Amino acid sequence: MSESATIHVLINQVPYELPTHATLADAVQRVGITPPFAAAVNMQFVPKTQYANHVLQTNDQIELIAPITGG
Amino acid sequence: MSMESPMPTSSPLTLYGETFTSRLLLGTSRYPSPSVLLAAIERAKPAMLTASLRRQTGAGGEASQSFWNLLREAKVPVLPNTAGCHSMQEAITTAEMAREVFNTDWIKLELIGDDYTLQPDTLNLPEAASRLIKAGFKVLPYCTEDLVLCQRLVDVGCQAVMPWAAPIGTGKGPVNPTALRTLRERLPVPLIVDAGLGLPSHACQVMEWGYDAVLLNTAVALAQDPVAMAGAFADAVQAGHNAFLAGAMQAQDTAQPSTPVLGTPFWHHA
């Protein structure tokens with residue numbers, strides 16, 4: 001069985017196509033979000049130090065969130 | 001001169017071993033502009049500022065950057081919240097993300113159980129708080145004024161709890177004074193009234209009851225002059241706390257003349 005060359009993920013609920021074996025670092029770079037922000041994949045927090053090691057799977061749901069005002 | 005007294009003594013607000021000079025915690029949302037927010041912060045000199053996390057892209061990213069810079073300029077400790085979280089996993093993940101972004105272990109735990117009233121999910125709140133405390137967070141849980149719920153939160157390790165006075169953003173003031181006062185009498189941990197205050201007199205009232213601090217946002221942000229209202233709330237919180245320390249008189253049903261009766265002129269002339 002041949003492996004697909006791309007995976008499909010959702011970043012903040014927007015569909016993206018990334019290369020197979022893309023990492024969370026690749027996803028962050030694709031979106032171009034500026035720090036400070038934090039990331040979660042499939043509702044699990046991923047520390048910044050793990051972005052480059054966290055290989056994404058197709059259908060992963062990535063959240064990238066940044067500071068805003070709050071009560 | 002020594003004087004024996006059961007009166008509480010003045011001491012700074014202490015939460016999880018950290019002391020704060022102010023007893024007012026201020027939200028950062030819904031202000032007319034960032035400059036008004038900053039001026040309100042400077043006027044109120046709050047102990048902490050609440051903040052949140054949201055998806056940011058495009059122009060939203062610029063707003064986030066601007067807010068981030070404002071927080072750094074304000075130099076007030078940040079209390080991130082988990083606003084909008086409906087499940088334990090959402091709240092825990094949001095708290096973990098907040099810890100990294102804001103570089104703080106403080107978390108205002110909001111676990112919403114009802115979208116209409118924004119009432120906290122009281123059944124799952126203790127478990128969520130327990131997990132966060134085990135993960136090293138200093139949890140300030142937004143909760144109802146239910147005594148047993150608040151006791152359970154203390155049992156799982158919360159060193160302070162934050163009952164609402166009324167639903168978030170309503171400005172009604174304490175809708176259940178009896179329960180809030182009972183809670184104060186029964187629970188020997190710092191209590192912070194969070195949500196539902198609309199007037200400085202509301203804040204003063206709960207501080208007179210012995211609450212340790214108040215957290216508010218909308219009452220300041222939506223005032224016609226938020227900066228002046230921030231100052232009014234700061235003064236009211238301090239006045240209420242001072243009154244609590246001073247010890248109020250007992251209210252009575254019958255009139256008691258404050259001027260001495262003895263020696264009243266013209267008495268019994270007729």
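Reply: Pro36(A) lies in the loop between α1 (24-31) and β3 (38-41) of chain A, where helices (H or I, at least four residues) and strands (E, at least two) are DSSP runs numbered from the N terminus. The peptide bond that joins Pro35(A) to Pro36(A) is cis, with omega near 0°. This is a predicted model, in which local features need pLDDT of at least 70 and side-chain atom pairs count only at pLDDT 80 or more, while totals for chains, interfaces and linings use all residues. Residues are numbered from 1 along each chain as its sequence is written, and chains are lettered from A and ligands numbered from 1 in the order in which they are written.

Where the chains meet, 21 residues of chain A are in contact with 27 residues of chain B, contact being C-beta atoms, placed from the backbone, within 7 Å. On the side of chain A that touches chain B, β3, β4 (44-46) and β5 (61-69) each supply at least two residues, and β5(A) gives the most, with seven.

β5(A) also runs antiparallel to β4(B), and five bridges join them, whereas DSSP needs at least two bridges for two strands to pair. One of the residues involved is Ile65(A), whose bridge partner in β4(B) is Arg55(B).

In chain B, the loop between α1 (34-44) and β4 (48-55) holds Lys45(B), which has a positive phi of about 50° although it is not a glycine.

Definitions and conventions
Contact = placed C-beta atoms within 7 Å.
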